[in-house]
Amino acid sequence: MTKLISIRDCSQHVDETVKMHVWLTDKRSSGKIVFLQLRDGTAFFQGVIRKNDVSEAVFETAKSLHQEASFYLTGTVHQDERSHFGYELQISDLELVTNTEDYPIGNKEHGIEFLLDHRHLWLRSRRPFAIMRIRNTVYKATVDFFEKEGFVKFDAPIFMHSAPEGTTELFHTEYFGGDAYLSQSGQLYGEVGAEAFGKIFTFGPTFRAEESKTRRHLTEFWMMEPEMAWMHQDESLDLQERFLAYVIKQVLENCQYELELLERDPKKLAPASEGNYTRLSYDDAVKLLQEDGRDFKWGDDFGAPDEAFISEQFDRPFFIVNYPTAIKPFYMKKNPDNPKEYLCADVLAPEGYGEIMGGSERESDYETLNKQIAEAGLNEQDYSWYMDLRKYGSVPHSGFGMGFERVIAWICKLDHVREAIPFPRMINRIQP
């Protein structure tokens with residue numbers, strides 16, 4: 001019986017007769033030969049039908065195929081050094097499942113807005129295919145890394161009644177007669193897990209109720225957020241560096257084909273896999289901007305152009321550490337050497353991509369945190385459960401969050417972060 005294989009497994013079946021189920025992405029004919037560009041969800045490659053090798057009915061069927069037709073193929077795998085994939089299929093039989101017409105995404109240039117409007121179909125194309133495969137590798141690398149480091153996967157709720165980072169960007173909903181909000185971050189609940197298990201990470205969808213009209217922002221995105229008991233900020237920075245270097249190494253080792261489809265130079269990513277990330281103080285980052293002639297003063301928050309400029313000075317991710325307290329959330333621990341700063345850090349990606357991760361040491365003292373909640377203008381009663389963590393067995397602890405889609409955007413060198421999510425919601429549509 002002929003073995004059913006995937007395109008990605010062709011290297012294991014050279015000169016063997018195999019069977020595949022595929023879709024057609026493109027086709028061209030040259031007399032007695034039909035060249036079929038094929039995909040099956042694992043890779044793309046070419047199948048060749050010669051008129052003299054098949055029945056007349058099969059050859060005519062091949063000539064009649066339209067883009068996104070689905071069918072079974074039988075044929076022999078051959079190496080083909082001219083192909084970027086390295087293999088092709090010499091077809092001996094074809095069994096049609098469905099033929100189709102008027103597929104809306106032709107093999108021509110389309111605008112990003114059109115493609116996102118047709119995301120449910122565009123995912124079949126080479127570019128989103130490569131991005132989603134890399135996304136999957138980053139996800140697996142993330143889980144593998146934290147499991148090896150002894151972390152517990154800890155799920156935070158999607159509905160929340162308090163805000164980690166202020167109330168202006170929350171999606172409000174009524175929840176059985178009370179107020180609730182879509183999750184802005186799993187962090188506060190992650191701290192609960194850290195006090196119970198030592199080291200945990202959450203990984204799930206989060207929401208920002210802000211207009212999503214830029215290349216970098218989304219209203220719905222995924223966050224990976226570890227929390228670590230008994231860990232100070234410097235130790236957290238060490239962990240963040242090891243983590244990000246590991247993720248990039250896994251992409252470089254396992255996604256060469258996808259990076260090639262995206263025309264992404266792996267040499268640009270290689271330094272990130274080596275570690276040795278600079279720890280740049282907020283003060284020195286401000287000096288860089290001022291020396292460039294930018295209208296930026298101490299105490300300002302970095303905008304996207306500021307982050308892009310700073311990140312262009314480095315060939316790998318780097319930290320900006322110890323931001324002013326006025327521009328960061330209430331739960332961070334103040335720098336004992338300078339109470340105007342928090343012990344916090346953002347990780348910025350190179351090539352102008354800006355912030356991809358951010359974290360801090362958390363304030364562990366009950367009275368201090370209670371004061372910071374009041375100074376932030378938040379309802380202290382909403383955080384009574386959070387304060388219990390400081391009342392009962394409080395310890396030094398730290399954590400950080402990674403914007404999953406921003407990391408994908410940098411790795412894949414995307415112009416629009418929306419390309420990094422499988423299916424953008426209507427609220428995440430790109431607008432000029």
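The model is predicted: local features need pLDDT of at least 70, side-chain atom pairs count only at pLDDT 80 or more, and totals for chains, interfaces and linings use all residues. Residues are numbered from 1 along each chain as its sequence is written, and side-chain values use heavy atoms, with hydrogens and water left out. Helices (H or I, at least four residues) and strands (E, at least two) are DSSP runs, numbered from the N terminus.

- Eight strands make an open sheet with mixed pairing, in the order 7-11-12-19-18-17-14-13. Two strands pair if DSSP finds at least two bridges between them.
- Its edge strands are strand 7 (152-153) and strand 13 (279-281), and each pairs on one side only.
- Strand 12 (residues 220-229) and strand 19 (residues 397-403) run antiparallel, joined by five bridges. Met224 has Met402 in strand 19 as its bridge partner.
- An open sheet of three strands has the order 8-10-9 and antiparallel pairing. Strand 8 (159-160) and strand 9 (172-175) are the edge strands.
- Strand 9 is joined to strand 10 (residues 178-182) by four bridges, and the two run antiparallel. Thr173 has Ala180 in strand 10 as its bridge partner.

**Strand 17**

- Six of the six residues of strand 17 are buried. Buried means under 20% relative accessible area, exposed over 50%, and partly exposed in between (1.4 Å probe, protein chains only).
- Both faces are covered: Cys344, Asp346 and Leu348 are buried on one side, and Ala345, Val347 and Ala349 on the other.
- Four bridges join strand 17 to strand 14, and the two run antiparallel. Phe318 has Leu348 in strand 17 as its bridge partner.
- Six bridges link strand 17 to strand 18, also in the antiparallel sense. Ala345 has Gly359 in strand 18 as its bridge partner.
- The hairpin of strand 17 and strand 18 has four residues between the strands, and Glu351 there takes a positive phi near 65°.

**Helices against the sheet**

- Helix 13 (residues 404-412) lies across strand 11 (199-207), strand 12, strand 17 (344-349), strand 18 (354-362) and strand 19, at about 55° to strand 19. Axes are lines fitted to C-alpha atoms, for helices over the stretch in contact, and angles run from 0 to 180 degrees between N-to-C directions.
- Helix 9 (residues 282-291) lies across strand 13 and strand 14 (318-321), at about 75° to strand 13.
- Helix 10 (residues 304-311) has six of its eight residues buried, so it is largely enclosed by the rest of the structure. The buried residues are Asp306, Glu307, Ala308, Phe309, Ile310 and Ser311.
- Their cover includes strand 13, helix 9, strand 14, strand 17 and strand 18.

**Nonpolar cores**

- The largest nonpolar core has 85 residues, and Leu36, Phe71 and Trp410 have the most contacts inside it. Such a core is a set of buried Ala, Val, Leu, Ile, Met, Phe, Trp, Tyr and Cys residues joined through side-chain atoms within 4.5 Å.
- Helix 6 (residues 233-254) gives this core its largest share, ten residues.
- A second, separate core of 30 residues includes Tyr342, Cys344, Tyr386 and Met387.
- Beyond its neighbours within four places in sequence, Trp410 has contacts (heavy atoms within 4.5 Å) that include Leu244, Ile248, Arg264, Pro317 and Tyr353.
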